[in-house]
Amino acid sequence: MLELSILGFLYEKPLHGYELKERIQGLSGHVRPVSDGALYPAITRLVKNGLVDSRTEPGASAAPRRTLSLTPEGRQELLARLRTPKDAEITDGQRFFTLLAFLRHLPDPADQAAVLRRRQEFLSAPASFFYEGGTPVTVEREPDLFRQGMLRIARATGTEEKAWLAEALARLESRPES
């Protein structure tokens, strides 16, 4: 998720490390704060693998700053990751949101739609936070007030997401391929 975020934001424009960190924080919010101990090693790996370029530039009124930009190989890597996301990027809500943040960079609406169909298929399977005898527990069968809350919120969110996915797929499928 972190590498996808780095590649996605750098696809849009070169950034200084601090600016990149701020954008990633904004995307992941309080759910998964980004530490320097995770961000900078990830950037180093991407630079070492030839996906990100790092150059030093003079600072406006301070010390020199590192500017990060995507290499042509990095652009191709981002598109490949968007085109064929890992299962966890489809099934985990926060990871899926990260994927959605950059999905517009795929030039082919059919590729975008294929990713959304995978999420739609995942959401169509019966699921719950709690199970009894292998069967998902529904809000109607849950006696605990707080677990009912979890299930109701998840149901409402899932209902809205399914509606949005159907709308988005209809729009993508009505667009001509580029």
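First, the ground rules. The model is predicted, and local features need pLDDT of at least 70, side-chain atom pairs count only at pLDDT 80 or more, while totals for chains, interfaces and linings use all residues. Residues are numbered from 1 along each chain as its sequence is written, and side-chain values use heavy atoms, with hydrogens and water left out.

Now the layout. We have eight helices and five strands. Those are DSSP runs, H or I of at least four residues for helices and E of at least two for strands, numbered from the N terminus. Along the sequence, the order is α-β-α-α-β-β-α-α-α-α-β-β-α. The C-alpha atoms fill a box of roughly 60 × 40 × 25 Å along the principal axes.

How much of the protein is buried? Of the 178 residues, 36% are. Buried here means under 20% relative accessible area, exposed means over 50%, and partly exposed is in between, using a 1.4 Å probe and protein chains only. On to contacts, meaning heavy atoms within 4.5 Å. Take those between residues at least 6 apart in sequence: 54% join residues at least 24 apart.

Next, the core. A nonpolar core is a set of buried Ala, Val, Leu, Ile, Met, Phe, Trp, Tyr and Cys residues joined through side-chain atoms within 4.5 Å. The largest one has 35 residues, and I6, L20, L82 and L116 touch the most other members. Elements giving two or more residues to this core include α1 (2-12), α2 (17-28), β3 (65-70), α7 (109-124) and α8 (145-174). The largest share, six residues, comes from α1. Look at L20. Beyond four places in sequence, L20 touches I6, F9, L15, L39, I43 and L68.

First helix pair: α1 and α2. Their axes come within 10 Å and cross at roughly 120°. Axes are lines fitted to C-alpha atoms, for helices over the stretch in contact, and angles run from 0 to 180 degrees between N-to-C directions. So α1 is oblique to α2. For the cut-offs, under 35 degrees is roughly parallel, over 145 roughly antiparallel, 65 to 115 roughly perpendicular, and the rest oblique. The crossing of α1 past α2 is right-handed. On α1, the contact uses L2, S5, I6 and F9; on α2, L20, R23, I24 and L27. By class, that is six nonpolar, one polar and one charged. Ala, Val, Leu, Ile, Met, Phe, Trp, Tyr, Cys and Pro count as nonpolar, Asp, Glu, Lys and Arg as charged, and the others, Gly among them, as polar.

Stay with L2 in α1. Is L2 buried or partly exposed? Partly exposed, at 23% relative accessible area. Setting aside residues up to four places away, L2 touches I24, V34, A38, L39 and A42. L2 and A38 are 36 residues apart in sequence, yet 8.4 Å apart in space, C-alpha to C-alpha.

Q112 is buried, with a relative accessible area of 8%. Beyond four places in sequence, its contacts are L103, R104, L106, L172 and R175.

Technical notes:
Left-handed = near helix turned anticlockwise from the far one by under 90°.
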